[in-house]
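Dear colleague,

Please find below the structure that I am handing over to you. My findings follow directly after it.

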Amino acid sequence: MRQVWRHCHAATMAGGTYSVIHSAAIVTRADRIEWIGPDSELPAVDAAHVHDLGGAWVTPGLVDCHTHLVFGGDRSREFEQRLQGVDYATIAAQGGGIASTVRATRAATEDELFASAHRRALHLLRDGVTTLEIKSGYGLDLENERKMLRVARRLGQTLPLTVRATCLAAHALPPEFTGRPDEYIDEVTLRMLPALAAEGLVDAVDAFCEHLAFTPEQVERVFRAAVRLNLPVKLHAEQLSSLHGASLAARYGALSADHLEYLTESDVLAMAKAGTVAVLLPGAFYALRETQLPPVDLLRQHGVPIAISTDLNPGTSPVLSLRLMLSMACTLFRMTPEEALAGVTRNGARALGLSATHGTLEVGKVADFVAWEITHPAELAYWVGGDVAKRVVRHGAVLDVAAL
């Protein structure tokens with residue numbers, strides 16, 4: 001079924017300054033973009049429906065490329081502790097941090113995890129997100145990692161969202177392996193990853209390379225296991241210190257390295273050579289009151305694509321708005337509104353390995369887009385909080401987001 005979308009301006013994000021087409025029209029056929037260009041050049045088509053977008057600005061559907069959307073409980077008390085001056089490492093040493101979420105996630109049923117994650121996913125969907133990644137990493141054993149990844153798959157099947165599931169079993173050391181990190185990495189690489197991949201639950205593999213998590217050597221063992229399973233890798237790297245995890249990720253052709261506050265120029269060069277996306281997470285930077293800025297100028301200088309994401313998680317980034325991250329990326333990281341928007345469209349899709357189908361408005365790509373009632377794309381980063389009137393289109397169908 002063909003549809004025509006007229007009376008709009010399109011920020012296609014395909015390259016250049018927003019890649020704007022003024023007075024644009026879009027033709028979709030089923031779930032794909034069949035034509036896009038100036039309205040004056042619109043070809044004659046037999047369309048089942050013509051939509052008048054009333055002068056809206058159309059962007060690609062937003063891509064939230066780094067979330068921990070599925071978890072049990074919350075960590076609001078730890079939020080209070082941090083405000084009282086207790087640092088993240090101390091909270092973790094006291095049994096808080098990731099460990100507290102692991103306990104709550106293990107105690108929750110799959111249906112309970114689905115219900116809470118569904119509510120959070122709706123916030124993102126109503127914010128214009130049409131594609132997102134969901135990481136595991138709060139189960140830390142085969143049964144509970146499986147439970148989390150099953151919920152991620154279920155969300156993609158029941159909501160109008162494209163969901164990529166990432167196994168982050170190497171997120172933290174579970175209590176039953178205290179003092180035995182290498183044995184836990186054996187469990188991840190020899191038992192958990194092969195089983196979960198065989199069940200079709202994994203699209204990518206991630207790990208946390210940090211002094212309070214896993215060493216580069218341990219992470220490399222995880223990456224080798226991923227390669228054996230023909231799965232792409234990603235990495236939480238250089239968030240709290242410099243261990244050159246980003247360079248390790250680049251050596252394995254990682255889709256992305258994420259956080260990156262302590263990234264060095266040698267890491268940036270390695271990422272540039274490998275085509276690895278830098279995923280910056282202003283919500284975590286803000287919540288942790290970090291002062292070490294990620295080296296945005298170096299990333300620009302060496303042509304590393306920059307993505308922006310919520311890092312939605314219960315401890316260090318309880319963020320329910322990707323659009324808010326656009327504002328934070330500009331104010332905290334000194335990015336331009338165009339760079340920020342590219343970060344949640346074109347580069348966000350690249351960080352998920354979806355560049356061929358998502359992230360820009362181009363012929364042949366999936367017809368996921370948002371028609372915003374704004375006067376310029378920069379408004380998406382300009383407004384702080386609230387809602388921006390919009391129409392969300394996924395796979396060529398208008399979503400009634402208020403009714404979801």
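L260 sits in the loop that runs between β10 (256–259) and α9 (265–274). This model is a predicted one, and every value in this message is computed from it. L260 is not a glycine, yet its phi is positive, at about 75°. Is L260 buried or exposed? Its relative accessible area is 0%, and because buried means under 20%, L260 counts as buried.

A second residue other than glycine with a positive phi is N230, where the angle is near 60°. N230 also belongs to a loop, the one between α7 (216–228) and β9 (234–237). Its relative accessibility is 70%; exposed means over 50%, so N230 counts as exposed. Thus L260 is buried, whereas N230 is exposed.

Chain as a whole

The protein chain contains 15 helices and 15 strands. Its C-alpha atoms fill a box of roughly 70 × 45 × 45 Å along the principal axes. For 404 residues, a compact globule would have a radius of gyration near 22 Å; the chain has 21 Å, and therefore agrees with that expectation. Of these 404 residues, 57% count as buried. Among contacts with a separation of 6 or more, 71% are made by residues 24 or more positions apart.

The chain exposes about 15,400 Å², of which carbon and sulfur atoms supply 52%.

Aromatic pairs

How many aromatic pairs does the structure hold? There are seven. One of them joins F71 and Y138 in an edge-to-face arrangement, with 6.5 Å centre to centre and 85° between the planes. This pair links distant parts of the chain, as its members are 67 residues apart: F71 is in the loop between β5 (62–64) and α1 (76–83), and Y138 is in the loop between β6 (129–135) and α5 (142–158). Both F71 and Y138 are buried.

Y382 and W383 form another edge-to-face pair, at 4.8 Å centre to centre and with 65° between the planes. Y382 has a relative accessible area of 57% and is exposed, because the cut-off for that class is over 50%. W383, at 43%, is partly exposed.

P60 is part of strand β4 (residues 49–60). It is buried, with a relative accessibility of 1%. Which residues does P60 contact, leaving aside its neighbours within four places in sequence? They are A11, T12, M13, T345, G359, T360, L361, D368, F369 and V370. P60 and A342 are 282 residues apart in sequence, while their C-alpha atoms are 9.6 Å apart in space.

D127 is located in the loop between α4 (110–126) and β6. At 6% relative accessibility, D127 also counts as buried, since the limit is under 20%. Leaving aside neighbours within four places in sequence, D127 is in contact with L62, S321, L322, R323, W372 and K390.

With kind regards

Technical notes
Residues numbered from 1 in each chain as written. Predicted model: local features only at pLDDT ≥ 70, side-chain atom pairs only at ≥ 80, totals over all residues. Heavy atoms only, no water. Helix = DSSP H or I, 4+ residues; strand = E, 2+ residues; numbered from the N terminus. Rg over C-alpha atoms; globule rule 2.2 N^0.38 Å. Buried < 20%, exposed > 50% of the residue type's maximum accessible area, 1.4 Å probe, protein only. Contact = heavy atoms within 4.5 Å. Areas by Shrake-Rupley, 256 points an atom, 1.4 Å probe, with all protein chains shown as cover. Phe/Tyr/Trp six-rings, centres within 6.5 Å; stacked < 30°, edge-to-face > 60°.
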